[in-house]
Amino acid sequence: MAFIAGIQVIHAPASALNNAGMQPGNTTENAVVVKALRINGRSYPYVSAQAYRYWLRRTLEQLQPEGWTVAPIFREKKVAYTDANPIEYADDDVFGYMRAPGKSVEAADSRAAFADATETKETVTRVSPFRVGTLVAISDELVQDFGTMSRHEGDPVPHEHQFYRTSLKGMFSIDLGQIGVFTYENRTGFLNLDEVRRQLAETRGLAHDEANRAYRLPDEVRLQRIRALLSAMPVVDGGAKHALHYTDVNPVVVIMAVVRGGNNPFYYTIDGDRQGLARPVLEAFQEIGEVWGDQILSPLYIGWVEGYASEGRQELEQNLETLQQAYPHGVVLGHPRRVFARLAEELERHPEWLA
């Protein structure tokens, strides 16, 4: 069981990337607040995992990397779902799904319009092989901004909103053994394929693993889907209030490697300074290499954008030789987009990681 495990940092110089809506009781009675965690009386802004996954799916739709296919979305009166067909659609495969057909006459009538949908007679679910954590700010600076709408006759209309200057850190993981592998075990998260989809798997010639009650896409197709995901993560685009707080949400820092099992040992390799910028914790890097070295299957990939918290990158460069010795497969240091590309190349040389 091999996973890509990592953390990423995005920088928000003056941003409001994920908002919680109106906050009653403020002076202007139309104040929009950002999503934030309250810790020891302080507010730490965050970007929810749901928001980040939305950004990434939209980026993949726009990029259309080789092998990436997007599932159509269907809407019944009170629910919406994708086609739940991971054989046909890469995003159903990578991001998972739950599709439970409504049993009411009304629901059946609304589905009648979905002529292209894969027939679904029982609930199908799939646990997402791509997992992502909440991106949480590493400092707690929140600004309350006051403005007015005054391009009309009469009194100006006041309004308020929050924004922040900080960097946000979060974890991610990709279960390499599950991408392109679809089970039909009858329990939540594992009934990826019902009878209709199993018939499609047979028709398409997917490898059948009867012992594990699973079908498997060819490894080349599975790799193609992983490469597509890795190509989108360093160029992800998204976030709210870009008209007022335009922000580049590409990761400025990424730390990742292929590891055995689903644990993620890298969270504490990055800390924050008082200005809300990331800084490397060299002691943590060193200890992880010593303690987890037997579980790390690839080089350690460190992406750090030149110009962002420059002292951090300089510290890593100055200590690179020491870190190379601590990790059994060495360390690759560069721009985040380049290290994502290097990891994608490394996957091509290790088909055993897909087992």
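Select arginine 198 and tyrosine 184. Arginine 198 lies over the face of tyrosine 184, and the distance to the ring centre is 3.8 Å. Keep in mind that this is a predicted model. Now select lysine 169 and tyrosine 267. Here the charged end of lysine 169 sits over the tyrosine 267 ring, 3.8 Å from the ring's centre.

**Ring pairs**

Next, colour the aromatic residues. A pair of aromatic rings is described by two things: the distance of the centres and the angle of the planes. With centres within 6.5 Å as the rule, the count is eight aromatic pairs. Pick phenylalanine 74 and tyrosine 81. Their ring centres are 6.5 Å apart and their planes meet at 55°, so this pair is tilted. Are these two buried or exposed? Phenylalanine 74 has 8% relative accessibility, so it counts as buried. Tyrosine 81 is at 6% and also counts as buried.

Move to phenylalanine 95 and phenylalanine 130. This pair is edge-to-face, with 5.7 Å from centre to centre and 75° between the planes. Which parts of the chain does the pair tie together? Phenylalanine 95 belongs to helix α2 (residues 90–95) and phenylalanine 130 to strand β10 (residues 130–132), so the pair links parts that lie 35 residues apart in sequence. Phenylalanine 95 is buried, at 3% relative accessibility. Phenylalanine 130 is buried too, with a relative accessible area of 0%.

The largest nonpolar core has 51 residues, and within it Leu56, Phe130 and Leu176 touch the most other members. A second, separate core holds 28 residues, including Ala257, Ala278, Phe285 and Ile296.

Select β14, β16 and β15. These three strands form an open sheet in the order β14-β16-β15, with antiparallel pairing. Which strands stand at the edges? They are β14 (181–183) and β15 (207–209); each has a single partner strand, so one side of each is left without a neighbour in the sheet. On average, neighbouring strands here are turned by 25° against each other, direction ignored. Zoom in on β15 and strand β16 (residues 214–216): three bridges join this antiparallel pair. Aspartate 209 stands opposite alanine 214 in β16.

**A covered strand**

Go to strand β20 (residues 300–304). Five of its five residues are buried. Turn the view to see both faces. Leu300, Ile302 and Trp304 are buried on one side, and Tyr301 and Gly303 on the other. Now show the partners of β20. Strand β17 (residues 251–260) pairs with β20 in the antiparallel sense, over four bridges. Isoleucine 255 has isoleucine 302 in β20 as its bridge partner. Strand β21 (residues 331–334) runs parallel to β20, and four bridges join the two. Leucine 300 is bridged to valine 331 in β21.

**Last stop: a loop**

Select asparagine 30, in the loop between β2 (19–23) and β3 (31–34). Asparagine 30 counts as partly exposed, at 22% relative accessibility. Which residues is asparagine 30 in contact with, beyond its neighbours within four places in sequence? They are Met22, Pro158, His159 and Glu160. Asparagine 30 and histidine 161 are 131 residues apart in sequence, and their C-alpha atoms are 8.4 Å apart in space.

Notes: Residues are numbered from 1 along each chain as its sequence is written. This is a predicted model: local features need pLDDT of at least 70, side-chain atom pairs count only at pLDDT 80 or more; totals for chains, interfaces and linings use all residues. Side-chain values use heavy atoms; hydrogens and water are left out. Rings of Phe, Tyr and Trp (its six-membered ring) pair if their centres lie within 6.5 Å; planes under 30 degrees apart count as stacked, over 60 as edge-to-face and the rest as tilted. Buried means under 20% relative accessible area, exposed over 50%, partly exposed in between (1.4 Å probe, protein chains only). A charge sits over a ring if NZ of Lys or CZ of Arg is within 6 Å of the ring centre and within 35 degrees of the ring normal. Two strands pair if DSSP finds at least two bridges between them. Axes are lines fitted to C-alpha atoms, for helices over the stretch in contact, and angles run from 0 to 180 degrees between N-to-C directions. A nonpolar core is a set of buried Ala, Val, Leu, Ile, Met, Phe, Trp, Tyr and Cys residues joined through side-chain atoms within 4.5 Å. Contact means heavy atoms within 4.5 Å.
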